[in-house]
Amino acid sequence: MLVHGLFSSAEVWTSFRELITTDPELSGRVTVHCFQYDSPLARLRPDRRVAETDDIADQLDTYLKTEVGDAESIVLVTHSQGGLVVQRFLARKLWHGEGGDLTRIKHFTMFACPNTGSGFFLTVRKFLRVIWRNPQERQLRPFDRSVTEAQRTVLSGVAHARRCSGKECPIPIEAYGGSADNIVPPVVARGVFPSGGVVAADHFSIVQPTGRSAESYRIVRTALLSAAAPRTQPIPPSPPEPAPEQQGGQSVLPPYSKLQQGKLKGKERLSLVASVMSSPPQQRVHILAGLGGSGKSRVALEIADRARLARRRVWWVSASELSACMRTVANELGAPAAQVEQAWRRMSTSTDLVWSLLDASPEPWLLVLDNADDPQQLGPRDGPVSYGTGWLREPATDGGMVIVTSRVRSKDTWGSWSHVHQVPLLDEDDGASMLLERTNGVGGTNEQARQLSVELGGLPLALRAAADFVKVVSEGTVSLDDEGIRDFESYRKAVKRHFESAPGTRDHDLSELLGREIVEKTYGIALDLLTRQGVPQAAPMLKVFACLNIAPIPYRCLLNGEAPAESPLFSEFSTAQRRSVLQKLEDFGLVDVDERADVNDPELPYVLTLHPVVHGVLRDDEDVQRRRTDYYGLAARMLLDAIKGKDPDSPSNWPLWAAIAPHSVDVTQSSLLDILRLEDRSVLVDALELIRLTARYWIATGLLGPAREVMQPIVANCTSFGFHKDDREILGLRHEKGRITLESEEHTAAEKELQQVVAARTRLLGEDHTDTLASRHKLARAILEQNRVEEAEQLLRSIIKAENRVSGPEHHHTLVVRHSLARALLGLNRPADAEAEVREVLEICRRNKWPPSHPEVLWARLTLARCLLHQNPRDAEIELRGALSDTAQPADSYRMMLLRHTLCLALLRLGRTREAVWELRDLVVDQHRVLPPDNPLRRRTQQLLDKTLKEIQGSDGDDEH
């Protein structure tokens, strides 16, 4: 069955039809049919329309049932868009549970199929409005979603199928491109399909062979002979110049032609190859595991080539065509045809036959099992692959070696007799080398190539896609309108914008840059396999992780709560299931789980990370976009569960908050500020609470810049997501915003903001509500910092009176207000009264076992030291040095720098000027590194240093005089 392409007809197959009908080996055994469908450039009659691809796929289904209903075996051969038609036909049959109808189809070959979209004359096609409205042409556009949808089904349910059922049917699929094809380049024609290759032809000559020696004809002829061969006889030899690997059925020759594309990149990869080749004889089975697109097959091919040079027999078996390939191996090992036929009728004995022949082989050999992403495919019927009694076994002699490439890297899966090797990704230099060589140097400088390699995480598949994209654009073959991508640097910036932007704010689809093959190979195929293996929770769990930041994810504290079980994303999801699913994701390389040795918290050492490409592409996943409320709602709920009861003001909780904060920001911004913002109010409330608590952590640790940057747009745009500035949720954010302004020493602006918050909270909650009192306290501090000390004292005493009544005299809220009162007393030049007040506060803190490093304790000790400066500078120095040694905060945190500044004042009062200068110089260096130029503390410290140095110089001058 020959299926033509867009704007074409059955005439394109004239050469093929003549060659097949006159071939002596095929004549009388093969009948040629051309499936003709309507594919006009445009429709001028308004009463007629151009058929869509789904319509043509259903038309093909009808044709197969009516015109060739009696055929026992069918081979499908397609050109260009015809491949998409057949893929859609296969997918629709499986979606309807009609996989059993496909058993007659014995082979499917695609020539020049735009599997990742044809970019040829894309800009011209966009301007030709009549053509642009053609529904068949639309699916030729790069990265059409319906094409991706069909391909995922065909890959999992046809190419990688193991048995025939309503939802799957194994059919060998091969995709070929023409080396001179500029309409559908080979990389596009091959797409995501593992089998196929490149032939010497352009887009049209690839289906117009000039003779039986033409590569495209020999490819089809082999498929026809295989399908037409009687079941009781081996496939007859083909006389007209057959390729050696095609004699006897499915090819098991390694794809050595790929070695011509360049040397294996990566020092660690070359080291891995050397390690496998020099492994001791007892290590006979090696698993090359890694993320899809990491280059596992390329490493295996390098090993195969070296094994060939070492005079080993080498067989390359594609897991998608396992049985057919192993049958060829049996034939090549000399098994009688009758024995092979009998063994394959009873599949349980076929594995024993092949392995008995392998173990009896007198010459050394290497068997490569490529793309074994479903390990059980290699196992026996009655147990796991680790039993070693299926297609994968440990060779009985030292002369045998097996290489398996797989996404699955679990040692338990493969058995103790297998040796699992993680295929490393490329470092920045090797990645840059790949980019530069593949583009012939037209993409930019070495440094730009390095930076792009880092941005793409060293994933070879992504690097190849980037290089091909840049090369095509730089040559002017494809125009992407006003994308502005012309070289490595502009490509890197486009990818970086995508990775850092939330969905809905991006200027392009990431798959438009990287290609659909990236989507499928990095995670699509793996998630489909996990679903078929009975792990449907894997896909939504991975997508929830992608909704978080690219930073390491403290997964244990996120998954321990009830949020996952309550989410509509999962029908059931117990704690045990979560652990199992996480293990599966790790086994497939979709997440990397690590344990950090430098963290004491029992939950925090365990973190997971996603590869940046997987993370970036998954955030655009169709399911994530369609169910944003469910995904981002669950992410927010999990984060809130993780920080429940973890006071952001307490230093003991700061390691957890440091791990949570970047994820909190991502989820909040995606929920509140995206163009595709959420509508569910409960999720929005969760997001607001999450960012409020995160802001408190930042304020406590002196990270005022990040806090301000995140808070301002949320408060300013609250009406865009359905809230009023005086709603209690927004008032909570405005309170924290006022605190940020206050801590930044912008006292006038802080007073204005806090006055509005106090007034709104008083109306809404009442004057003595805890939240109102908290805002009144911050307002009093803003007034105090502006030297309106009497006014601040009166306000603070009224707040203390209310706090004693509402919270109690030893409550945290009461103590922090009393501390502010002590500072007011100091401002009134009453240091003794201030000292007595602050010492009483510190005594209560000690009695209630507040840690010495607590921010409020440090703040109170700073006030105590300032009181002592007026009375006994030596005691002030002792207090300050004690506070500095008791805290775990870094020396350049804001509160630590305040303590250090005050220590310098104490040293100057004690007359230790030169010691004070050394301290001031160190402090200025730290402040210049972390504080903005207009920061008041930075300005005061610099002024104090300049003044002190001038006094020293004047004193030295007097001495010399």
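Where is Asn829 found, relative to helix H36 and helix H37? In this predicted model, Asn829 is placed in the loop that runs between H36 (812–827) and H37 (831–847). Its phi is near 65 degrees, a positive value in a residue other than glycine. Asn829 counts as exposed, because its relative accessibility is 61%. The next loop, between H37 and helix H38 (855–869), holds Lys849. Lys849 is not a glycine either, yet its phi is positive, about 60 degrees. With a relative accessibility of 74%, Lys849 counts as exposed.

The average pLDDT of the protein chain is 84, and 88% of the residues score at least 70. Where pLDDT is low, predicted coordinates should not be read in detail.

The 18 residues of H35 should span 26 Å at 1.5 Å a residue. The end C-alpha atoms of H35 are 25 Å apart, which agrees with that expectation. Buried residues in H35 include Val789, Ala792, Leu795, Leu796, Ile799, Ile800 and Ala802. Two glutamates of H35, Glu793 and Glu803, are buried as well. An α-helix has 3.6 residues a turn, so residues three or four places apart point the same way. The buried residues of H35 pack against helix H34 (770–785) and H36.

The model also contains an open sheet of six strands. The strand order is E2-E1-E3-E4-E5-E6, and the pairing is parallel. Strand E2 (34–35) and strand E6 (196–199) stand at the edges. Each has a single partner strand, so one side of each is left without a neighbour in the sheet. Within the sheet, strand E3 (residues 74–79) and strand E4 (residues 105–111) run parallel and are joined by six bridges. Thr78 has Met110 of E4 as its bridge partner.

Helices lie across these strands. Helix H3 (residues 81–95) lies across strand E1 (2–3), E3 and E4. H3 runs at about 145 degrees to E4. Helix H9 (residues 215–228) lies across E3, E4, strand E5 (173–178) and E6. The angle of H9 to E4 is about 170 degrees.

Note on methods:
Residues numbered from 1 in each chain as written. Predicted model: local features only at pLDDT ≥ 70, side-chain atom pairs only at ≥ 80, totals over all residues. Heavy atoms only, no water. pLDDT = per-residue confidence, 0-100. Helix = DSSP H or I, 4+ residues; strand = E, 2+ residues; numbered from the N terminus. Buried < 20%, exposed > 50% of the residue type's maximum accessible area, 1.4 Å probe, protein only. Pairing = 2+ DSSP bridges. Contact = heavy atoms within 4.5 Å. Axes fitted to C-alpha atoms, helices over the stretch in contact; angles between N-to-C directions. Expected span 1.5 Å × (residues − 1).
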